[in-house]
Amino acid sequence: MLERGEVANSWRTERWDSLRLLTPNWQSRLPGLRYEGPDPDGYMTAGEVIAFIEHFAAVTRAPVRTGVNVTSVRPADDGYHVTTTRGELGCRAVVIASGACNQPSVPQFADAVPPSVEQLTPFDYRDPAKLPDGGVLVVGASATGVQLAAELQRSGRPVTLSVGEHVRLPRTYRGRDVLWWMDASGVWGQRYDEVEDLTRARRLPSPQLVGTPERTTLDLNALASMGVELVGRWAAVRDGRALFSGGLRNVFSLADLKMRRLLDAFDEWALTSGRDAGFGPPERFAPTRVPSSARLQLDLGSGEIRSVVWATGFRPDYGWLDVPVVDEKGRLCHDGGVVVDSPGLYALGLPVLRRRKSTFIHGIEPDAREVIDHLAGHLAVRR
Ligand SMILES: Cc1cc2nc3c(=O)[nH]c(=O)nc-3n(C[C@H](O)[C@H](O)[C@H](O)COP(=O)(O)OP(=O)(O)OC[C@H]3O[C@@H](n4cnc5c(N)ncnc54)[C@H](O)[C@@H]3O)c2cc1C
């Protein structure tokens, strides 16, 4: 196992200070290791995640070589040739487990933002003090965006949040963590070959959730009540002005509808599994409030906005992969982690790789077992 940094590198170097997992402690499990602390319903800090993964590496005696950056993988006669900052390797199979979130995705028009406005990605952001005083435009209302918008608003900076397609969820439902429902009802375990529109499912943004000791819901209504101004999707920059899409009402009602459908599915599961009486009554939540007049543009030169935080998602980096298996959008071509047309090349940890939960810590075990089965078959045939 080659790792360019330390074990749990992404949790050491690519997370902001206040970040906690949005998955509850009891759900953080790796093969043979589960959370056994005093707060199963709490949410780990990044430091606790690092300790958890370090502990896993130690007890499994994972053969990790840290400080080794892979700079190239290319096909060779009997498998692959791997070039690293610490020398060359030959191997018959390669598992790409380099992460789904190596780089923040930032739209091209960021180049047109006036230089007087500071721009940050979640990789640069550590805490509000990193930003200049004054207004902040947070772009993107998925898990990262809603969490940073709330923290920045609390720091006293007026926040405008640009909202595109998003996934709304309550933190708890009928007395349980909503992610408990995702697990128990089987939604999260749904397999990639059963998902109706796999391309879409793989592009779905992360849910609007935050892990706090109070188990608070952090949806757009909560943010608006804190004073965050909501505007539409940021579409372009023209003459120093940020232009936002209209149609917030449609975007909100779609997210509300999808949340309702998901809660309906949970209720249906509770009934059919005979567990309904064990929970509180079904809940339905107020629709997302549409601002009376959402602004459609904002003058970036006026001084109102001093910084922009791009919470517009993340993407993997395959710059080191010298095998033609990445499409024009930068996505690895694979079938459930078996890379297409490149025998012996595998992937793990990508969105809906084999299940809806593939990118979550507790999602890796079943995926890894199946992918490694395939890999073992490949090696056996070659032998
Ligand atoms: C902001 C954020 C919040 C998240 N919150 C949660 C959560 O609440 N719960 C949850 O279950 N999951 C969460 N996740 C998903 C989380 O990242 C995964 O669960 C887990 O960290 C994925 O592990 P991984 O090993 O697949 O990828 P990563 O953690 O990204 O690890 C990939 C490793 O590969 C190394 N690497 C990459 N390229 C190279 C190379 N060329 N050479 C050598 N080494 C290389 C990197 O240094 C890194 O250590 C979150 C992700 C993000 C971005």
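## Ground rules

Helices here are DSSP runs of H or I with at least four residues, strands are DSSP runs of E with at least two, and both are numbered from the N terminus. By that scheme, Asn9 belongs to helix α1. What you see above is a predicted model, in which local features need pLDDT of at least 70 and side-chain atom pairs count only at pLDDT 80 or more, while totals for chains, interfaces and linings use all residues. Residues are numbered from 1 along each chain as its sequence is written, and side-chain values use heavy atoms, with hydrogens and water left out.

## Around the ligand

Let's start with the ligand. Which residues are closest to the ligand? They are Glu3, Ser10, Leu22, Thr23 and Ile361, out of 22 residues that surround it (a residue counts as near when one of its heavy atoms lies within 4 Å). By type, this shell divides into 12 nonpolar, 7 polar and 3 charged residues. Here Ala, Val, Leu, Ile, Met, Phe, Trp, Tyr, Cys and Pro count as nonpolar, Asp, Glu, Lys and Arg as charged, and the others, Gly among them, as polar. Strand β1 (2-3) and helix α1 (9-13) each supply at least two shell residues, and α1 gives the largest share, with 3 residues.

A ligand oxygen is 2.9 Å from one in the side chain of Trp11, and an oxygen of the ligand is 3.3 Å from one in Arg15. Taken alone the ligand exposes 980 Å², and the protein buries 84% of that; the areas come from the Shrake-Rupley method with a 1.4 Å probe, and for residues only the protein chains shown count as cover.

Buried means under 20% relative accessible area, exposed means over 50%, and partly exposed lies in between (1.4 Å probe, protein chains only). Beyond residues up to four places away in sequence, Asn9 touches Glu3, Arg4 and Glu14, where contact means heavy atoms within 4.5 Å.

Val49 sits in helix α2 and is buried, at 0% relative accessible area. Leaving aside neighbours within four places in sequence, Val49 is in contact with Trp11, Leu21, Met44 and Ile361. Val49 and Lys357 are 308 residues apart in sequence and 18 Å apart in space, C-alpha to C-alpha.

## The nonpolar cores

A nonpolar core is a set of buried Ala, Val, Leu, Ile, Met, Phe, Trp, Tyr and Cys residues joined through side-chain atoms within 4.5 Å. How many residues does the largest nonpolar core have? It has 39, and those with the most contacts inside it are Trp11, Val138, Leu152, Leu161, Val163, Leu220 and Leu223. Elements that each supply at least two residues of this core include α2 (46-59), β11 (135-139) and α7 (248-272), and α2 provides the largest share, 6 residues. Apart from this core lies another, of 26 residues, among them Val70, Val82, Val94 and Ile96.

Val163 touches several residues beyond those up to four places away in sequence, including Leu220, Leu230, Leu248 and Phe252.

## Asp183 and His362

Asp183 lies in helix α4 (residues 178-184). Its side chain and that of Gln27 are joined by a polar contact of 3.3 Å. Not counting residues up to four places away in sequence, Asp183 touches Trp26, Gln27, Arg29, Trp188, Lys357 and His362.

His362 is in the loop between β23 (345-347) and α8 (364-382). Is His362 buried or exposed? His362 is buried, with a relative accessible area of 5%.

## Two positive phi values

Most residues other than glycine have a negative phi. Arg174, in the loop between β13 (172-173) and β14 (176-177), has a positive phi of about 50°; Arg174 is buried at 5% relative accessibility. Arg215, in the loop between α5 (198-203) and α6, has a positive phi near 55° and is partly exposed, at 27% relative accessible area.

Terms used:
A polar contact is a pair of N or O atoms within 3.5 Å; within protein, one must be able to donate a hydrogen and the other to accept it, and residues adjacent in sequence count only if both atoms are side-chain atoms.
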